[in-house]
Every structure is written in structure tokens, then in C-alpha cells.
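Here are my notes on this one, jotted down while going through the model. Have the structure open as you read.

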Amino acid sequence: MSYASAVWLAALGEFDDESDSIPSSLDNFDDDFLLKHFHFTRSAVCFIIDYVGAQMESAKYCSDELSTDVIVLAALCVYANGFLPNETADMIGISQASARRAVNTVSRVLSEKAEEFITFPDSYNDRVLVAQEIQRFCGIPNVVGVLGCMHVRIKPTPEEEIFFLNAFDYHSIMFQMICDSQGNLLSVESQWPGSTAEQSIWESSKIFQQFQSGRHGHSWLIGASCYSLERHVLTPLAYVRKRPSMRYNEAHFKIQTVIQKTFGALKSRFRCLDNLGSIQKNNCSTHVEVVSACCVLHNIAMKFSVPFPEEFVPEPGYHGVNREEITQSNSSMLLFREDMIKAFFPQDSDPVPGIFVGFERT
């Protein structure tokens, strides 16, 4: 990842010695089969088995008396494909009924420990590291993440359909995420009905409260035009007339697309996210745990440099009406953004690294 080691790296070190002994159930699969059908490499699978096993032992999870490696392999296969093929179930040594329970168990274990794997750069030095990488990527300074919401298809009850109908004309639940320039997830919060406005989700999120309290200093998140320009969210310009403004919008679009690619990558590696199925009224906790587990596994895959199973298509973005056009933006923030554009996107020159002297503007 692009910042100081997350807490879960300590777990990686803790289980490093144990990972030398590969679970016997993995002997049934060669490396190509693991990557094709489970979407993970052997070393990553061993780490996940070790970690989940330790959590299950400490929490005394019920496991149908199946070994941890069998439970984890079944869950990974379901995450990767959306189902467990009968022939793979036979190779693992698990029934379909037990596989469903295995998914619930692994999802609960990983979602409960999500904060160990999905960490926002909390210290000044960590924020600087992330901001430097993003500035090298697009030229915009002091940015510590890209903000967006991922839609996951579900089937709601008839009386709740209107609340879950999104702008793409299907029913979904939304997950607010923040990623860095490489697609590592820094923050994941859930869940909202698909009809919810992104700005409303942002303002009700925990990470918003952290920014408002000053916990993350004078730093930015990149937000699409559906977000309001504010002290900690940097949006594109609604109207572009001069070359510096055009180059700023191009840079903003370049980094903004990273979050859409990250959503596409998640749904490519975890086909279960194509459709989570039916949800009960006022209760989608099981589905939320599945998505949270997939987000944890995404960061593990990134750390282990696991290749994607296929070429993936970025998730399409829908940003509605530009909020800057329909709301009266804060005049000081408009001036702040204008100052930043003049400093880092001057006329007829490449973006220049440096210190933005207006960063402390309030």
C-alpha cells in the first residue's frame, strides 16, 4: 500500500512461520487452478486460511467440524464465482449446505476485522506519502484519497423497491469507499439504499465526521461533480474557460477514474458482487458482511500482487446534475480552488510539484 504499514501486516508477520506448512486440502489444486477458480495465489490463500483460522479459534466459531482450510476455500470460491460448482465442492470436500454456512462464517470473521485491513492514513507522515503519490499521478496536491460510492445489485421486498432503485435503473445497496492512486481501499462504509444521494451519504459517514473534527488535517479528497465543493472535498469545475482550468479538470478526471476502476476490479475478482440476491425488509446485514469481506480480500490481493482473473471494465459513474451548478458554492472555497489551479496548473506548462502556500486558507 502507499502509506505506512496497516495493522494487518503485523498479523502477516505473526503467521509467516505457520504459512510454511501448506494445508493438505490445497494439494488438490495446482497454482493455475487456484488463480482461475478462487482468484488468489497459493501464498495469499495460505495467509487467509491462517488469519481466519486464528480468529475462528479465538471466537469459538461453529464450523460443522470442518477444517479451516475447507471453510476458507469454499468461501473464496463462492466469492470468486458467485456460487460453488459441484465438482469443486467435491474436490474441497464440502456439501453445498455447509458451503453456505462457510461463506457466512468467513464473511463475519473478515468484516469484523475490516479495520485491520482497510486503514485510512491517520498520521501526518502517512498522509504526506499518499498525497505525494497522488500528486505524481495527476498533479493535484494534498489529496489523500478518491471518494465514491459502489452500487451492488440486490432484490428488495416489493414495498421497498422504490428506495433501492438507483440512477442506473436497477435495485442496489450503496457502499461509500475511498481509495488511493493504486486502488487500495482506505475506507469502506455501508450501507445505503440505491436511491440515496452521494452527498447525503458523505455527510452521514464516519469519515466525514473525522474530517470535520480536523483529525485528517488540511487535506483533500477527490470527489465527482455530485459532491459539493467544501473544505475537504475537491470537485471539478462546472465551467472551463481557460487552459489552466481545463488542465485541472483533466487531472481531476484522471484521478477520479481510479475509484471507478477499483469498483470494476472488485466486481471482476468477486463475481458474487454482481448480484447479492434477495434481502429481507430492513435487514441486509448478511449481504453487507459479504461485501465487507470482499473489500478486505481486495486489499489482501493488492498486497500479495495477485493478478486479476480477467480484463475488467471500470464501473460506470453517474454523477447527476453538477452540484456546483445548482447550489451556491462557498465563495472562499471557490477562491481556494482557483488559487490552487493557478499555483499547480499554470498556463502552458506542466504541473509543478511544490508547496501550495494557500493551503491554510479558511
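Predicted model: local features only at pLDDT ≥ 70, side-chain atom pairs only at ≥ 80, totals over all residues.

1. Start with the helices. H12 (residues 243-269) packs against H15 (residues 331-344) at about 95°, and their axes are 9 Å apart. Angles of 65 to 115 degrees count as roughly perpendicular, so that is the label for H12 and H15. On the H12 side the contact uses Pro244, Ser245 and Tyr248, while H15 brings Arg337, Met340 and Ile341. By residue class, this contact has four nonpolar members, one polar and one charged.

2. Next, the rings. The count comes to 13 aromatic pairs. One of them is Phe29 with Phe33, a stacked pair with 5.3 Å from centre to centre and 15° between the planes. Phe29 has a relative accessible area of 2%, so it is buried. Phe33, at 22%, is partly exposed.

3. How are the rings of Trp202 and Phe208 arranged? Their planes sit at 85° with the centres 5.2 Å apart, so this pair is edge-to-face. Trp202 is buried, at 1% relative accessible area, and Phe208 is buried too, at 12%.

4. Lys254 lies over the face of Phe137, and here the distance to the ring centre is 4.8 Å.

5. Now the backbone. Which residues does a cis peptide bond join? The answer is Ser190 and Gln191, with omega at about -20°. Gln191 belongs to strand S3, which covers residues 185-193.

6. Asn142 has a phi of about 60° and sits in the loop between helix H8 (124-138) and strand S1 (143-153). With 27% relative accessibility, Asn142 is partly exposed. Ser305 has a positive phi as well, near 55°, and is found in the loop between helix H13 (285-303) and helix H14 (323-326). At 60% relative accessibility, Ser305 counts as exposed.

How values were computed:
Residues numbered from 1 in each chain as written. Heavy atoms only, no water. Axes fitted to C-alpha atoms, helices over the stretch in contact; angles between N-to-C directions. Helix = DSSP H or I, 4+ residues; strand = E, 2+ residues; numbered from the N terminus. Parallel < 35°, antiparallel > 145°, perpendicular 65-115°, else oblique. Contact = heavy atoms within 4.5 Å. Nonpolar A, V, L, I, M, F, W, Y, C, P; charged D, E, K, R; others polar. Phe/Tyr/Trp six-rings, centres within 6.5 Å; stacked < 30°, edge-to-face > 60°. Buried < 20%, exposed > 50% of the residue type's maximum accessible area, 1.4 Å probe, protein only. Lys NZ or Arg CZ within 6 Å of the ring centre and 35° of its normal.
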